Every structure is written in structure tokens, then in C-alpha cells.
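Work through the exercises below with the sequence and the 3D structure open. Try each task before reading its solution.

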Amino acid sequence: MQRRKTIIASCAVVLLALGSSRTLAQVPAPADIIGFAPGEDYKLAHYGPIVEYFRALDAASDRVVVTEIGDSSLGRPMLLAAISSQENIANLDRYREISSRLAQVKGVSDEEARQLAREGKAIIWIDGGLHATEVAHGQMTPELAHWLATDESDEARLIRDQTIVLVMPNMNPDGLDIVASWYEGNVGTEFETSPVPELYHHYIGHDNNRDWYMFTQAETRAVARQLYHVWFPQIVYNHHQPGPFPARIWVPPFENPVNPNLDPEIVTSLNFIGEAMKTRFNQEGKPGVVSGVVYDLWWNGSMRGAPDFHNMLGFLSETAGRGYATPRCYEADEVPDTFNARAGNLPAKRPTTSYTDPWLGGCWHMRDAMDYMLTGSKAVMSIGAKLKEDYLYNIYRMGRRQIEKGIRAEGGPFAYVIDLDAQHDAGAAVELLRIFRIAGVEIRQADVSFSAGGTEYPAGTYVIPPQAFRPFVVDLMEAKVFPDRRQYPGGPPEPPYDMTGYELRLQMGITVEGIDTPFDVPARVVDDVPPPPGGVEGQGDRAFVLTHTENNSAIAVNRLLAAGATVQWSAEPFQATGHDWPAGTFIVEGVSRPEAQALGAELGLRFHALGEAPTVVRHRLRAPRIGLYKGFTGNMPEGWTRWILERYEFPYKNVSNADIQTGDLSGYDIIVLPDQSAGSMLTGHRPGRVPPEYVGGIGESGVRALTRYVEGGGWLLAIDQASNFAIEQLGLPVRNTVRDAESSEFFIPGSLIRLDLDTDDPLAYGMPEEGIAFFVRSQVFDAAERRDVDVFSHYARDDYLASGWALGADDLLTGGDAGVRISLGDGQVILHAFEPAFRAQPHGTFKLLFNPLFASTVEEPIWQRR
């Protein structure tokens, strides 16, 4: 009887194996669908065939489930593949629930958490394609998915049994097609590796990895939902290229400094994963693995950084490779003796603890880069599978520890309170709350008044209580001091990976109260945050008063102007409807009360009704005709500015080098020059670098045309570095005092600087008297004291650093001019020393961008010459 059972069992195993083999035989390889094996020299797969491959993989394998998680900026479908064992795939909902409960902690005891960790499966996120010109990882993901779904090694089986791997085929589908099309058009020519002459994300190019606490873009929001609302992965692996030369790949551990708001277990766990990766590369004989340089753990805004502030193990690798799918060979003498200064001048030809097996040259193909990425991915998945219970429990333990720190008001307050009635711009406060909701942050709202910290707050007030994701909240609320780091004692500064001070509370101008003493937080949990209360207040329907303090008033004004309404700026303060209204207030006529009610309710704006328009000096506005300069260098500030203009419904057209040089610019009220270096604007790409039609910049003929345009009555708005172009080429009476400063004497790489504003000046209408400038290696002006020059904003003289790092600011920043208007002929030139809409983050200074656009449409003189 026992022998018969053994035979039956053996037959069943054979039949199961045969069935599995038949199933595996039906699973297509990437080349079967794409037409070639990604990784071949001189070939890049477009996004369409990659989508087709993942859908075919889903159809052929019961180990794969592919879902659409959203659309890209240009409407391409964004896919996410969940890959695991057949049994795990059948129970995905349960494993998602476990991951969610452990990450958010609420209502889970330590005993239950350990039981859930034993039952659950580690969730591991691996993506490709975020930066489209870093082509290898976007080509690697089909091969990674195929290996996961079909390989029958012990390692692959363990990964499928103990983890659910989320493979994101491409984080930037639009960019992949832009880059692949450009490369295909140039391969085999002298321009084979030339730079793409446009942004490789429709709006923000490379900055799509700078949007991960602001969530402005469609792609960022789609992924954030999966990370913080659906899957709550314990490990998030974000692939990049190229890393510090001559290394073949950078992996953790990270460089210093470490953000103090991170849970310490994040740092030690990332170190452990990095060491496991390095061990795997050593075992496979893959040299050139470096760590501990360049990439730090300070900033919150990258795809790999933001998950760390959610107690997820977010990290990146940077694999060697430039030039798309074109191979490159390096002779031994092309390998430097040391890495560059940013990588700490680390020895490059002898082993160190950070670079144990140097790469000494040879040929490098995209296939090699993909192999390194696959090795790194397998190392991460393998360690996740072996320690799945630890990773599941650890995210719970970190979340619980963060809640306990909140209760003790350690490293930040017990809770944050946001009263919309206390805001300069209530709409900006709502935007901040919505950002937190996208990030999975729990928000409560009071249905009745309550007391906290000795203050009474009205019904409707929002509260952010202690919670597992507290590091993300505190980091975007509390000012920081970045350590003074030098390349050597007394030497130049060691640049941070990105920003040093970036708190949204400060950037967005939000009044937030941090309450240290615990109190009974409101019970109602908010999912979607509605706009502030809006509509029409008061009696009458002949005219309406609309505040200028709200950014959303720009949307309202643009819609009203497009509909034919009359909109005017008050040129002086006045009283109406029981309120004191400052200069710059909008006065609206020619719109019905129901129309104003609907517009106000949608945008969260209050229209104050009047029987008649106030008798005050007014300037009539019309829809601005905006020309936004766009060359062929793929300038990210242009894309961000374009996004802001669309977001706030300003009509605009891009103007090219040729448009400026040969076109009639009189059809524009204002030309906007986004942040871009003066040299790049003037000369663009040099001959031989790109095809001839993309060579050059504005050039001397363009400078003459811009000068004629302004002298003839046009307006020119130059932002940040573009101000240098305007100052130098138009001969303006303004000096940039930090233009030639060495970094060792003046260095502000990305910090928040206090700002003083003249709110009676039309260019600062709607602003508070004190604001915050996001200073990112920006400018400091010294404007001549002349009748044709006005200064409408200054950097603060005292207590100027709100957050971050400011080297040499005492001597070269304090009291410097930040916003200048110069009359030139019959026109105006406006200079902003910093970007008032940098990466669409500083809502508190958006009006400094909007005001010149509106002011350029006023036909009568706004300023009296001094």
C-alpha cells in the first residue's frame, strides 16, 4: 500500500512538472515580442513593444499579474507587474492587507505584528526607465520579469515563494519613446550619441526624480498611490545610470550626512542591503562596485529618498553607461588614478573599503550595464526572500517607534494644527494637505471647536496626529541646519546630493502650529481634502472684490478674462464690504452672481459682492500674451514654467531662437526667459555636437531683436541665471554681486532664505511683507539708484537663513536685491534673482511670477518714474 502511494505521488510530481514545463514553454521571451533581445548594441526598444511584452507575459503565466496604474503626461498607459508564485498570486489581496497593516501600525499589537510577519510575503519594488537617457534599466525590466516568471533555480523559487516582486517596466514612458526615436534617427551618423534637444519628460525632464514630496506630475502621483496606498513595499529599488567614473556601479551604503528625521533602522538596513549586493558582485566576478560616496541620505524629494521617510528601504544604484546603446571602450590610461572631488578623490586603481575591486578598463556595452542591474536586482530580491519576516516586522517596529516619538514630542511636536482661517493663502494650505494625503499621511478634521496647546481652534481645523509616516511630515515641516561639509579642512564645500533646506511649510507660506502637549485629536479621518469654503458673500451683483493673496485667484482671473469679464487691479488701498483691501486687489465686473458663486466654490475663493465698483484708482487687465523662451538644450526650468502656466491657466506660446531672431515679437506682451545660464542661452549647442538644425542659441541677432522689442514697449522677465543674460546683453544698470564668487567664499546649494517685499509695488501685489525665497545657487543683485530702476524685494538683513546651508551669506547675501524692475525705452525688464516657482514647490512666491504677466497688459503707466 505504501509503495502504491509512493508511485502515485511520484506520478503526480512528474505530471505537475510536465504541466509546469508546458506552461513555461508557452511564456514568451522578450525577443519573441519585441523583435530583438533588449541589450543588443545600437538598438533600443520603444515603450509600445515593452507594454505588449508585459501583457503577453501576464496572459501566458499564472505567476504574473499586470495592472494599469495610470496614464503618463502624454497619455501612455503605466503598467505594474506583480510577480510571485501561483499560490501567492491567488492571495494578493491578503498579502497587500498584511503589508498595509504592518506599515501603518494602527491597531496592531506586537504579537499580532509578529504573526502577520510570519504569514506575509515581503513586497519588493524594482523599477526602470525613470531617467529616459539612462537607457539600460528601461531595457532591462522585461528580462528581469521573464527571469522571475520562468526561472526554476532554487533562488528564483525562493524569491517567488517568499516575496511579491513589483516590477515597474518604465517610470517615464513618454521619455523612453522620445529618447529611442532620437537615437534611432542618429545611429550610424556623427550625431549617434548627441544629446536629446528637448526634455525627456514632457514637462520636467530629469527633474522627474525631484518630484517625490510634491507629486505634481501624473507619473509621480500614479506611483505614489501604489507605494503609499496600495502595496506599502518594504524595499524600493530605483535603478539609475551612470554613477561616478570609473566605477561600474554605485550601491549603498550612502554618503553622509544622514537626515535626523530618518529612523536609524533605515540607515543600518540600507547598509546591510548594500553589503549583500557588493558580496553578490564579488561572487559573480563583476568588478568596479563603489559605495559611500556622492549619494547622501539627507533630502526627501527623490524616488528612492521619499520611501525612506515612510520607513520603507528606498535606495538606488547607479550603473555605468553613457551614449544610449552605443558601446564604449576605455584604454587603461583613460582610467584615472582617483575618482573626482565630489566622490572624495577616492583611489580608483587600488582597493579600498569603499571600492574593493577596481575596474581597470575595457569595453562596456549596454548589455554589460543590464547584467550588473540584473545582478543587483537578484541580490536584493534574494536577501528580501531570506529575511522576509524580518523586513515585514521591521517596518512595523519603525512605524510604532515613530508613533511613540510623536507622543513624546521627540524630534518634532505631538501634532500639527492647520487652521484655514489663519492662512495668507488658504488654497496653498489645502495643497499642502493634499500632498500629505497623496503620501499616505493620516489627516483628521474637527467637526467642532477644540483646544490644543492653550489655543482654541474652530470647527473645520485640520490636525496631523502622531503616525507611522511621521518622518515624512516632520521633515517637510521643521527647519533644518545642514552641516558645513568641506572637501578638505578649509577647502571648498562638498556639494549635497540635492537640496539642504526645502520644508513645504516654509516654501508654501503656510501657518502651521506644532503642538507639543498631547490632546484629544479629532476623530474624523479625512481622505480627500476639499477646497476652502468659497462662493459669493455680501449683497449686490454689479461688481465683486477678489483677494490677490490666493494663488488660485490667478486661475479665476484668467478664466474671467477669457470669458470677457472686466478685471482690474486696485492701485491703492480701499475699504469695502467691511474690509480693508490692499493695493492689488482684483475688482471684477461683467460676471453674474451665479457665475461668481460657481467659480468661487470650485476654486475655494470668496467673491465679495458690491452694488457698485469702488471709486478707487484702478488698472484694467487683459489676458496676457506670453512668449516663453525654449531653445534646444532641454531646459528643465522652461518645462516647469510651462507646467505652472498651464496649471494656472495662463495662455502662452513657446518662442524659439528663430522666433526671436527673425519673428515679430510685437504680438507678445511679455517674453519670459526661464532660469538658464547666460552662455547656454546665447550660444546653445556648438556646431558638431548636434544636427545643424539644433545648433546655436539666441545669438547676437536675437539680442538685438529683444532689445528692440523692449525699447518699443515690450516686457522681458528674466529668472535666476537668465538675469545674467539680460544684464550683460541689454546693458542693464544692475550688478550680480555673486556672479564670479568662488564656492569657497559663497555657496548656497539649495536653501530657504528670508525675503523682504515691497507689497505696494505691483510686482509684489498679494505677497506678505516677509516671505521665503528658494535659493538654489541663485543670484544677488545690486541695482543702481536711478529713476528708472525699482527694487521690489530684498534678501533679509538679519536672520536670513530659514533652513539649509548658507556659506558666505553674511558678506555676500544679506540685504541684497532679489527683485528688480528696469525701465528700458518704453518697455520694462523684470529680474528675479531666484526662481519664484522652482520645481513648482514654493507656492509662497508664485505671485512673483504671475504679477509681471498681468502687469504687462496694463496700458497706462503703473509706476511714476522717480
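**Exercise 1. Decide whether Cys-329 is buried, partly exposed or exposed, and find its disulfide partner.**

Solution. The model is predicted, and the values below are computed from it.

Step 1. The relative accessibility of Cys-329 is 40%. Partly exposed covers the range between under 20% (buried) and over 50% (exposed), so Cys-329 counts as partly exposed.

Step 2. Cys-329 is joined to Cys-363 by a disulfide, with 1.8 Å from S to S. The cut-off for such a pair is 2.5 Å. By this rule the model has one disulfide.

Step 3. Cys-363 has 43% relative accessibility and therefore also counts as partly exposed.

Step 4. The link between Cys-329 and Cys-363 is right-handed, with 100 degrees about the S-S bond. Because Cys-329 belongs to strand S11 (residues 328-330) and Cys-363 to strand S12 (residues 362-364), the pair ties together parts that are 34 residues apart in sequence.

**Exercise 2. Describe the surroundings of Asn-552.**

Solution. 

Step 1. Locate the residue: Asn-552 is in helix H17 (residues 552-562).

Step 2. Check its accessibility. The relative accessible area of Asn-552 is 14%, so this residue is buried.

Step 3. List its contacts. Leaving out residues up to four places away in sequence, Asn-552 touches Leu-603, Leu-605, Arg-647 and Tyr-648.

Step 4. Look at two of these partners. The C-alpha atoms of Asn-552 and Tyr-648 are 7.3 Å apart, although 96 residues separate the two in sequence. At Leu-603, the backbone oxygen is reached by the side chain of Asn-552 at 3.2 Å.

**Exercise 3. Which residues have the most contacts inside the largest nonpolar core?**

Solution. 

Step 1. The largest nonpolar core has 176 residues, and Trp-125, Val-223, Phe-436 and Phe-472 have the most contacts inside it. Helix H12 (residues 366-386) gives the largest share of this core, 11 residues.

Step 2. Take Val-223 as an example. Beyond residues up to four places away in sequence, its contacts include Ile-69, Met-78, Trp-125 and Met-168. Met-171, Trp-212 and Met-303 are also touched by Val-223.

Step 3. A second, separate core has 107 residues, among them Leu-546, Val-738, Phe-775 and Leu-831.

**Exercise 4. Where is the pLDDT below 50?**

Solution. 

Step 1. Start with the chain: its mean pLDDT is 95, and 97% of the residues reach 70 or more.

Step 2. The pLDDT is below 50 over residues 1-22, a stretch with one contact in the model beyond near neighbours in sequence.

Definitions and conventions
Residues numbered from 1 in each chain as written. Predicted model: local features only at pLDDT ≥ 70, side-chain atom pairs only at ≥ 80, totals over all residues. Heavy atoms only, no water. pLDDT = per-residue confidence, 0-100. Contact = heavy atoms within 4.5 Å. Helix = DSSP H or I, 4+ residues; strand = E, 2+ residues; numbered from the N terminus. Buried < 20%, exposed > 50% of the residue type's maximum accessible area, 1.4 Å probe, protein only. Polar contact = N/O pair within 3.5 Å; in protein donor to acceptor, adjacent residues only side chain to side chain. Core = buried A, V, L, I, M, F, W, Y, C linked by side-chain atoms within 4.5 Å.
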